[in-house]
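Please work through the exercises below with the sequence and the model at hand, and try each task before you read its solution.

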Number of protein chains: 2
Amino acid sequence: MKPINLARKLNQFNSHWDPHVIADYNENEVMVVKFQGDFPFHIHEDTDDFFLVLAGEMVMELQSESHPVRAGEVFIVPKGVTHRPRAEAECHVLLIEPKGVPNTGDPTTAAPKPRI
Amino acid sequence: MKPINLARKLNQFNSHWDPHVIADYNENEVMVVKFQGDFPFHIHEDTDDFFLVLAGEMVMELQSESHPVRAGEVFIVPKGVTHRPRAEAECHVLLIEPKGVPNTGDPTTAAPKPRI
């Protein structure tokens, strides 16, 4: 049990679209991730998706709307909603999902999630 | 579905130790809260407790240790661990707990949680 400094964790990697697990909260993984560019549209049928922008700005694209999400803003994508985050410049995000959820929504194409 | 600006939500109330629900994430409530002073020691037997300091600084006191937690730092209190947050100066926190968890751990003394 100790405080987890998010900026320090984010300094430990440079890759994009590569969530790193920093803690567990009940059956969820708490992750930090760097976004830059476009992520593919995907869907999580069984879980909401929690995003908090820590630095920079992203856009959450849904099928018929899109929302800029800036530092200090939370965006929750409800389960079953097709979405893709994108970011013109690098954007740092706190992400919470239940353990084992593939980041693309598809286990066959999902990246493994390292723990730091 | 829209971005939730945490600072704007925090501007909507002045009370301390009074979590306000700003969103749902699966079976959890996402809250913002202002800490100042000492909260009583308490325990959540069935859930972890997620704290992210947004502004200011708090101290998480456990039974035999205490940890300063500063802006940009997460502290997760595992289920079954007696704890109390305290803050000398006002501290703004993002808090996540399963729906219906009493903030004191005790339903008879817990404050209701308004939604903003």
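**Exercise 1.** Find what share of the 116 residues of chain A count as buried.

Solution. Begin with the criterion, by which a residue is buried if 20 or more other C-beta atoms lie within 10 Å of its own, exposed if 12 or fewer, and partly exposed in between, the C-beta atoms being placed from the backbone. Applied to chain A, this criterion counts 34% of the 116 residues as buried. This is a predicted model, in which local features need pLDDT of at least 70 and side-chain atom pairs count only at pLDDT 80 or more, while totals for chains, interfaces and linings use all residues. Residues are numbered from 1 along each chain as its sequence is written, and chains are lettered from A and ligands numbered from 1 in the order in which they are written.

**Exercise 2.** Determine which pattern chain A follows along the sequence.

Solution. Take helices (H or I, at least four residues) and strands (E, at least two) as DSSP runs, numbered from the N terminus. Chain A then has 1 helix and 8 strands, and the pattern read along the sequence is β-α-β-β-β-β-β-β-β.

**Exercise 3.** Work out which rotation superposes chain B on chain A.

Solution. Superpose the copies by least squares on the C-alpha atoms of residues with pLDDT of at least 70 in both. A rotation of 180 degrees, with 0.0 Å of shift along its axis, brings chain B onto chain A with an RMSD of 0.0 Å. That is the relation of a two-fold axis. In chain B, the C-alpha nearest the axis belongs to Leu54(B), 4.9 Å from it.
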